[in-house]
Amino acid sequence: MTAWTRADHEFMARALRLARRGLYTTDPNPRVGCVLVQGDAIVGEGYHLRAGEGHAEVNALRQAGERARGCTAYVTLEPCSHQGRTPPCADALIRAGVGRVVAAMVDPNPQVAGRGLAMLQDAGIPADSGLLESEARALNPGFIKRMETGLPLVRLKLASSLDGRTAMASGESQWITGPAARADVQRLRARSSAILTGVDSILLDDSALTVRPTEAGFDESLQRLVGDRQPLRLVLDSRLRTPADARILRQPGRTVVVTCSDDEARASVLREAGAEVLKLPAIDGRVDLKALLRWLGQQQYNELLVETGATLAGAFVAAGLVDELRLYMATKLLGSSGRPLLALPFDTMAQQVPLRLSDLRQLGEDLRLILRPGDEEQN
């Protein structure tokens with residue numbers, strides 16, 4: 001095991017902070033930061049901002065110029081070794097004459113997967129990985145999952161009262177949570193590759209599912225960047241009930257109505273209204289959710305946000321397809337006649353779904369819980 005120094009930790013932590021600057025913009029690429037160090041001084045640093053533009057290493061090398069020769073490069077993800085939209089970063093580091101490379105983690109992309117580090121080592125440059133790896137993995141959970149499984153990361157977002165109600169019996173629901181929680185949801189949308197809802201949510205709320213940068217609390221420059229990249233919007237609509245005048249069809253960016261219906265006439269109406277229509281296999285008369293996730297992975301979507309009603313949300317949970325559940329809980333009581341959080345018609349304790357709490361914080365007067373699937377602790 002490599003004995004990392006205090007300076008190694010400090011410079012990699014700086015690289016990770018730089019990588020976070022691309023949190024909302026790099027999709028489908030990973031978020032990556034790089035710091036170049038001579039002695040104890042940073043001579044160049046950079047991060048990846050958008051796909052097709054310079055990678056973190058290239059941006060850092062450009063800033064360092066000749067000072068890069070003999071330096072240590074700290075990079076949050078193994079330098080790429082293949083020609084994509086930009087040349088291989090491993091080659092750029094070799095040409096610059098860096099003296100050492102430290103990567104937080106090996107790239108899970110099968111096209112790289114250790115080859116970048118091997119190229120550096122073959123060129124006589126010491127290269128190692130594993131420093132602050134868990135922090136690096138936390139930056140790119142969707143990219144990592146897609147590379148390892150071919151599927152995107154699935155986040156399920158729910159909002160409820162303290163007694164687990166999402167709306168009154170009449171359907172009235174605005175607003176359960178306050179401004180701080182709603183701003184956090186906008187930031188969650190902004191980092192997502194795609195947002196999915198069910199047709200019932202469209203029929204009931206006429207949802208737009210857009211990112212509204214001004215509501216997210218972003219600064220002006222980030223507002224512009226995020227506003228230029230609306231996530232893919234998906235409507236799960238097995239019987240093609242989406243109205244042709246639905247608000248979601250008039251928003252900037254792509255809206256895909258996902259169906260298992262053979263009604264080509266209705267599909268044509270939706271296409272004329274601005275939608276794309278994707279037909280997938282059915283299971284018990286409903287769109288096969290796993291087939292949808294496979295399609296998203298093939299289309300290079302890293303992080304799927306599911307914002308929907310109790311029935312579809314329950315279907316994702318019951319199928320074991322949720323990687324992360326974000327629950328925004330208002331400190332209010334809506335009463336026993338209100339609508340439930342999830343449609344999970346369980347009858348026995350053996351059917352329960354154990355979750356592991358990974359984060360809990362207060363947003364204004366509301367609570368945000370981040371939960372992940374996890375086995376119950378053994379007594």
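Where does Glu 78 lie? Glu 78 sits in the loop between strand 3 (72-75) and helix 3 (89-96). Helices (H or I, at least four residues) and strands (E, at least two) are DSSP runs, numbered from the N terminus.

This is a predicted model: local features need pLDDT of at least 70, side-chain atom pairs count only at pLDDT 80 or more, and totals for chains, interfaces and linings use all residues. Residues are numbered from 1 along each chain as its sequence is written, and side-chain values use heavy atoms, with hydrogens and water left out.

1. **Glu 78.** Glu 78 is buried yet has no salt bridge. Buried means under 20% relative accessible area, exposed over 50%, partly exposed in between (1.4 Å probe, protein chains only). A salt bridge is a side-chain nitrogen of Lys or Arg within 4 Å of a carboxyl oxygen of Asp or Glu. The nearest side chain of opposite charge is Arg 115, 7.9 Å away. For charge, Lys and Arg count as positive and Asp and Glu as negative; His and the chain ends are not counted.

2. **Partners of Glu 78.** The Glu 78 side chain reaches the backbone nitrogen of Gly 114 at 2.9 Å. Leaving aside neighbours within four places in sequence, Glu 78 is in contact (heavy atoms within 4.5 Å) with residues including Ala 103, Met 105, Val 112, Gly 114 and Arg 115.

3. **Cores.** The largest nonpolar core has 42 residues. Such a core is a set of buried Ala, Val, Leu, Ile, Met, Phe, Trp, Tyr and Cys residues joined through side-chain atoms within 4.5 Å. Met 12, Leu 36, Leu 61, Val 98 and Val 101 touch the most other members. Helix 1 (residues 6-19) gives the largest share of this core, 6 residues. Apart from it lies another core, of 34 residues, among them Leu 236, Leu 296, Tyr 301 and Leu 369. In soluble globular proteins, nonpolar side chains tend to be buried together.

4. **Val 101.** Not counting residues up to four places away in sequence, Val 101 touches Ala 73, Val 75, Pro 79, Leu 93, Leu 120, Ile 125, Pro 126, Ala 127 and Asp 128.

5. **Annotated positions.** An unreviewed UniProt entry lists "binding site" positions, among them Ala 159, Trp 175, Asp 205, Ser 238, Leu 312 and Ala 315. The listed positions span 157 residues in sequence, and the farthest two C-alpha atoms are 28.8 Å apart, so they do not all gather at one spot. UniProt positions are given in the numbering used here, feature names are shortened, and annotations may be inferred rather than shown by experiment.

6. **Helix 13.** Leu 312 is found in helix 13 (residues 310-318). Leu 312 counts as buried, at 13% relative accessibility. Beyond four places in sequence, Leu 312 touches Thr 197, Gly 198, Leu 236 and Leu 289. Ala 315 also lies in helix 13, but is partly exposed at 31%.

7. **Backbone.** A cis peptide bond joins Asp 27 and Pro 28, with omega about 10°. Pro 28 is in the loop between helix 1 and strand 1 (33-38). Leu 132 is not a glycine, yet has a positive phi of about 55°. Leu 132 lies in the loop between strand 5 (127-129) and helix 5 (133-139). Leu 240, also not a glycine, has a positive phi of about 55°. Leu 240 counts as buried, at 4% relative accessibility.

Conventions. A polar contact is a pair of N or O atoms within 3.5 Å; within protein, one must be able to donate a hydrogen and the other to accept it, and residues adjacent in sequence count only if both atoms are side-chain atoms.
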